[in-house]
Amino acid sequence: MSQTLQLPLDIPAIQKLLPHRYPFLLIDRVVELEPNKRVLAYKNVSCNEPFFNGHFPGNPVMPGVLVVEALAQAGGLLTQISHGGVAAGRSFYLVKIDGARFSRMVTPGDKLELEVTLKRMIRNMAMYTGVARVDGEIAACADIMCAEAKD
C-alpha cells in the first residue's frame, strides 16, 4: 500500500490498515506522514458520538482514555504504513501509557488533531509520543507503547 499512498487518507483507506470499526474507529483522516517518524491525523468530534450519552449528559466531554486511544490508533497507522501496510495476521495492542496529561476538554464540534512520533521500535514493540490538540491548544499528551500479537 505504501507505494500507492495518496494523502490525505480517508476512512476507507484507514480501514484497510486498522482493524477498528464503528464506534471505535477514532481516526477520520491522515494528512501528513513521514514513514518511521511521524503522522498527523484528525478526529472530527461529533455530537452523535455514542460516549456523549453518558459522559456527561448536559455537558458532553470526550473521555480522556478515548483521546489516548485515538493517539494509539494514529501510532498504529504510522507503524502499518511504515511497514507497507502488510499487517495481515498481525495486530498491535496498547500495552503501556506513561506520562498522560490532560490539559483541555474535548467537546462536540472540536477537530482533534493527533500528532504521533515514533520514538523507537524494539522487536515487536513500538514506542510513541503523542500530542492531541484542538485549535492549536494541547488537549492531551502521552507516551504510548504498543506490542504486536500474532492473530
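I looked up Glu115 first, and found that Glu115 forms a salt bridge with Arg133, with 3.0 Å between the closest N and O atoms. A salt bridge here means a side-chain nitrogen of Lys or Arg within 4 Å of a carboxyl oxygen of Asp or Glu. Glu115 sits in strand β4 and Arg133 in strand β5, so this pair ties together parts 18 residues apart in sequence. Strands (E, at least two residues) are DSSP runs, numbered from the N terminus.

I noted the ground rules. This is a predicted model, where local features need pLDDT of at least 70, side-chain atom pairs count only at pLDDT 80 or more, and totals for chains, interfaces and linings use all residues. Residues are numbered from 1 along each chain as its sequence is written, and side-chain values use heavy atoms, with hydrogens and water left out.

Next I checked Arg133 again. Arg133 also forms a salt bridge with Glu113, at 3.8 Å between the closest N and O atoms. This pair links distant parts of the chain: Arg133 is in strand β5 (residues 125-134) and Glu113 in strand β4 (residues 111-122), 20 residues apart. Glu113 is partly exposed, at 23% relative accessible area. The cut-offs are under 20% for buried, over 50% for exposed, and in between for partly exposed (1.4 Å probe, protein chains only).

I then asked which residues join these in a network. Glu32, Glu34, Arg38, Glu113, Glu115 and Arg133 are linked by salt bridges.

Last, I looked at Arg104. Its side chain meets that of Asp110 in a salt bridge (3.3 Å, N to O). Arg104 is partly exposed at 25% relative accessibility, whereas Asp110 is buried at 11%. My tally for the structure is 10 salt bridges.

How values were computed
Helix = DSSP H or I, 4+ residues; strand = E, 2+ residues; numbered from the N terminus.
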